[in-house]
Structures are given as structure tokens and as C-alpha cells.
Amino acid sequence: MVLEDQIMAECTPDECNAKCCRYVAIVIDTPVSKADFEDIRWFVAHENTYVYKDEDNDWILEFVTPCKFLKNNRCTMYDRRPVICRDYDPAVCARDKNGEEQKIRFTNPDEVDKFVLKRWPSKKIKGKLKTK
């Protein structure tokens, strides 16, 4: 039995909240301009969409949406699951983390505005961010 399968076998639905199956996260380019932060503002204007900077200083775009094949905290297509799921290391399971790995987190456009105002104090005009 592969270590991953052993860990998953030990993980019961009562213990596993299947957090790793409830979101999609992709690395985005590090924002360096007002235009980049305007894009982030747009991202987080959508429901269940967040942007954060993690402990490795990667910027992550996260979509909180459960996998279609998740039922009772279990994968209904485990034997046919995508490679990204197979490659997931259960030893670094997200279930025990509560955002402590995030250095910065944006959940709405106002948070982005506040961050940008600190970084570029004179760049907000009439409720909107200036872009190039």
C-alpha cells in the first residue's frame, strides 16, 4: 500500500473535512503595479474568490468551490481521480490550517483598496483605483 493510500485509509469522514477538495488555487504573477491590483480587485469582487500571499511568497488566486465528485467527505471517483489529486501529499493536509500560512489575504475590493492606498497613497480617485 502506498503511503498516501495508508494515510487516506486512516482518514475517516469524521476526521477529514476534505478541505483540499473544496477549492481550486492557482499561482498568479506577483502584483507589482496598480493595474495588477486592479485585476485582484476584480477577482475578489466575485463570490467565493480570494487572493492571498502564502508563506512561500507566492500569490494565489483561490476559488472556493467543492469538487463535483465529493460526497460525504469522500471522493466518488478515487480510483480515477485526476493526477493533481493523486500527486497531493496528505502529509501536508490543509485541514489543520486556518489561514496561518497566508501573509496577506484579500476577500473583497475594499481590502485591496486599503492595501493600495498604503502602498501608493495618492492613487485613489473618486472611489476607483487609477490604472495606467
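Select Arg41 and Glu38 to begin: their side chains meet in a salt bridge, with N to O at 3.3 Å. A salt bridge here is a side-chain nitrogen of Lys or Arg within 4 Å of a carboxyl oxygen of Asp or Glu. The model is a predicted one, in which local features need pLDDT of at least 70 and side-chain atom pairs count only at pLDDT 80 or more, while totals for chains, interfaces and linings use all residues. Residues are numbered from 1 along each chain as its sequence is written, and side-chain values use heavy atoms, with hydrogens and water left out.

Helices (H or I, at least four residues) and strands (E, at least two) are DSSP runs, numbered from the N terminus. Arg41 counts as buried at 16% relative accessibility, whereas Glu38 is partly exposed at 21%; buried means under 20% relative accessible area, exposed over 50%, and partly exposed in between (1.4 Å probe, protein chains only).

Asp113, like Arg41, is buried.

**Helix H4**

Next, display H4 and look down its axis. Its buried residues are Val112, Asp113 and Val116. At the N-terminal end, Asn108 caps the helix, a side-chain oxygen lying 3.0 Å from the backbone nitrogen of Asp110.

**The nonpolar core**

Select Phe37, Ile40, Val51, Trp59, Phe106 and Val112, which touch the most other members of the largest nonpolar core, a set of 13 residues. Such a core consists of buried Ala, Val, Leu, Ile, Met, Phe, Trp, Tyr and Cys residues joined through side-chain atoms within 4.5 Å. H2 (34-44), E3, E6 and H4 (109-119) each supply at least two residues, and the largest share, four residues, comes from H2.

Centre the view on Val51. Its contacts (heavy atoms within 4.5 Å) include Ile28, Ile40, Phe43, Trp59 and Phe106. Now show strand E2 (residues 49-54), where five of six residues are buried. E2 pairs with E3 (residues 59-64) in the antiparallel sense over five bridges, and with E6 (residues 102-106), also antiparallel, over four bridges; two strands pair if DSSP finds at least two bridges between them. Val51 stands opposite Leu61 in E3, and Lys53 opposite Ile104 in E6.

Follow E2 into the hairpin with E3, which has four residues between the strands; there Asn57 takes a positive phi near 70 degrees. Asn57 is partly exposed, with a relative accessible area of 39%.

Finally, select Arg105 and Glu62, whose closest N and O atoms are 3.2 Å apart in a salt bridge. Arg105 lies in strand E6 and Glu62 in strand E3, so the pair ties together parts that are 43 residues apart in sequence. Arg105 is partly exposed at 31% relative accessibility, while Glu62 is buried at 8%.

Conventions: Polar contact = N/O pair within 3.5 Å; in protein donor to acceptor, adjacent residues only side chain to side chain. Lists of a residue's contacts leave out its neighbours within four places in sequence.
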